Amino acid sequence: MALELRNTNIQNRALLYLQSILSKHEKHLKEEEQQYNIEELAEIIKKELLCLNVDQQAIFDKVIATVETETSVVFFIDGLSGTEKTFFY
C-alpha cells in the first residue's frame with residue numbers, strides 16, 4: 001500500500017481545511033509550513049516504512065485505508081514506555 005502525495009488538489013484542500021481550523025483560534029499557517037518537498041517526504045516515508053514492526057505496519061495500513069476511503073475513525077495508540085510510539089507517530 002502506498003500513500004499518494006502528488007495530488008495538488010488534495011494538498012490544497014487539506015491546507016485550506018487546516019487554515020479554517022486555525023483561523024477559529026486566530027492562528028495562521030506560515031508560508032514556510034506550506035513549502036514541503038513532496039518528493040523528498042515520499043522518499044523519507046519509503047525508508048521509514050521499512051522500520052515499522054508488524055503491529056505498527058498493521059496500524060499504519062488501517063490508518064491509510066481509512067484516509068483513502070475518507071472514513072471517519074478515531075485512532076488511539078497506546079503502549080508501554082519504549083514501545084516506539086513516538087517513532088510510529
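**Salt bridging and its setting**

Modeller: The count comes to one salt bridge, the term standing for a side-chain nitrogen of Lys or Arg within 4 Å of a carboxyl oxygen of Asp or Glu. This is a predicted model, in which local features need pLDDT of at least 70 and side-chain atom pairs count only at pLDDT 80 or more, while totals for chains, interfaces and linings use all residues. Residues are numbered from 1 along each chain as its sequence is written, and side-chain values use heavy atoms, with hydrogens and water left out.

The partners are Glu43 and Lys46, whose closest N and O atoms are 3.5 Å apart. Both belong to helix 2 (residues 38-49), where three residues, about one turn of the helix, separate them; helices (H or I, at least four residues) and strands (E, at least two) are DSSP runs numbered from the N terminus. Glu43 counts as partly exposed because its relative accessibility is 40%, whereas Lys46, with a relative accessible area of 52%, is exposed; here buried means under 20% relative accessible area, exposed over 50% and partly exposed in between, with a 1.4 Å probe and protein chains only.

Turning to the whole chain, the secondary structure comes to four helices and zero strands, giving the pattern α-α-α-α along the sequence. Of the 89 residues, 11% count as buried. Gln56, in helix 3 (residues 54-68), counts as buried because its relative accessibility is 8%.
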